[in-house]
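Subject: Structure handover

Hello,

Here is the structure for you to open. Please keep it on screen while you read my notes below.

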Amino acid sequence: MQMHSSSVALVDPHRLQNLDVRPHFITRRYAEFLTSLLTINENFQNPKLNANLSQLQIEIQNFILKLASEFSQRKDQLICLINNYDLMLTVISERIKEENREAQTLRDLLTNRTNDYVEEVLMPYFGNLIIFVKECEIFIEKDNFNSLKSYENHVNPLIKNFSNEWKKYLELINQEIMRSFTNFKNGQAILQATLTQLIQYYHRFNKILSHNCFKHLSGRNEMLSIHHLMVEIKKHKPTF
């Protein structure tokens, strides 16, 4: 087992050829090897084996991080991490039905990186609205209404852009996510997480515009209703 851990630790992703964001074959081999050992160890707990498995898991996680760092774009790094975590979790979950430490660790990693990806994929399309929301919420929390009022000129362009472009942006995001993730079911889950986060940002945007500093702005009358947005977003829900 120590030799397995050492061999993984010595892998230099920079020297590997034809790297892409799909799951690496080392990841699959590890997941299959792990499930075999977990099955054997299920009825005959071996503390030494558990310790070795923990060390091997650390080395695999380090390898995946090094693998992802080979990509220059943060979004590609996250896609690589998510695809590899998802593959390992899928293999383990299919073969080991009972909850185990390895699966829970991967589930946590997958959730955290998915949340990071959701923010990354929304920014190119709704970044101005997201930044507006985050900055204005800080001003409201601190009762800094002078700074809040200075954002008046941003409101109408944000409303107009969202009303005119949101459908096109959602379709582009949908296409991007479906291209990026090798597991269709996981891709659909990430799409739903992205749409849910968008609704939350838009709800927060609406709440900010109900503040006295913005109530007089004419553009508020042209805003897309949250109900209409949610109805349209439901069309992207998976049918399986």
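First, a term you will need: buried means under 20% relative accessible area, exposed means over 50%, and partly exposed lies in between (1.4 Å probe, protein chains only). By that rule, arginine 74 is partly exposed, because its relative accessible area is 37%.

Some ground rules. This is a predicted model, so local features need pLDDT of at least 70 and side-chain atom pairs count only at pLDDT 80 or more, while totals for chains, interfaces and linings use all residues. Residues are numbered from 1 along each chain as its sequence is written, and side-chain values use heavy atoms, with hydrogens and water left out.

Salt bridges

A salt bridge is a side-chain nitrogen of Lys or Arg within 4 Å of a carboxyl oxygen of Asp or Glu. The structure holds 12 of these salt bridges. Helices come up too: they are DSSP runs (H or I, at least four residues; strands are E, at least two), numbered from the N terminus.

Start with arginine 74. Its salt-bridge partner is aspartate 116, with the closest N and O atoms 3.7 Å apart. This pair links distant parts of the chain. Arginine 74 sits in helix H4, aspartate 116 in helix H5 (residues 101-141), and they are 42 residues apart. Aspartate 116 is partly exposed, because its relative accessible area is 27%.

Aspartate 116 also forms a salt bridge with arginine 113. Here the closest N and O atoms are 2.8 Å apart. Both residues lie in helix H5, 3 residues apart, about one turn of the helix. Arginine 113 has 21% relative accessibility, so it counts as partly exposed.

Now go to the other end of H4. The side chains of arginine 95 and glutamate 32 meet in a salt bridge (4.0 Å, N to O). Again the pair links distant parts of the chain: arginine 95 is in helix H4 (residues 74-95), glutamate 32 in helix H2 (residues 25-41), 63 residues apart. Arginine 95 is partly exposed at 46% relative accessibility. Glutamate 32 is partly exposed as well, at 28%. Arg28 joins Glu32 and Arg95 in a network of salt bridges.

Tyrosine 85

Which residues does tyrosine 85 touch, not counting those up to four places away in sequence? They are Ile64, Leu65, Leu106, Leu109, Leu110 and Arg113 (contact means heavy atoms within 4.5 Å). Tyrosine 85 is found in helix H4. Its relative accessibility is 3%, so it counts as buried.

Aromatic pairs

A pair of aromatic rings is described by the distance of the centres and the angle of the planes. Rings of Phe, Tyr and Trp (its six-membered ring) pair if their centres lie within 6.5 Å. Planes under 30 degrees apart count as stacked, over 60 as edge-to-face and the rest as tilted. A search of the whole structure finds 10 aromatic pairs.

Look at tyrosine 117 and phenylalanine 181. Their ring centres are 5.1 Å apart and their planes stand at 90°, so the pair is edge-to-face. Tyrosine 117 is in helix H5, and phenylalanine 181 is in the loop between helix H7 (152-180) and H8, 64 residues apart. Tyrosine 117 counts as buried at 0% relative accessibility. Phenylalanine 181 counts as buried at 5%.

Next, tyrosine 202 and phenylalanine 205. This pair is tilted: 6.1 Å centre to centre, 35° between the planes. They are 3 residues apart in helix H8, so about one helical turn separates them.

Helices H8 and H9

Axes are lines fitted to C-alpha atoms, for helices over the stretch in contact, and angles run from 0 to 180 degrees between N-to-C directions. Helix H8 (residues 184-209) and helix H9 (residues 226-234) pack at about 175°, with their axes 11 Å apart. That makes H8 roughly antiparallel to H9 (under 35 degrees is roughly parallel, over 145 roughly antiparallel, 65 to 115 roughly perpendicular, the rest oblique).

Among the residues that meet are Tyr202 and His203 in H8 and Leu229 and Met230 in H9.

Best wishes
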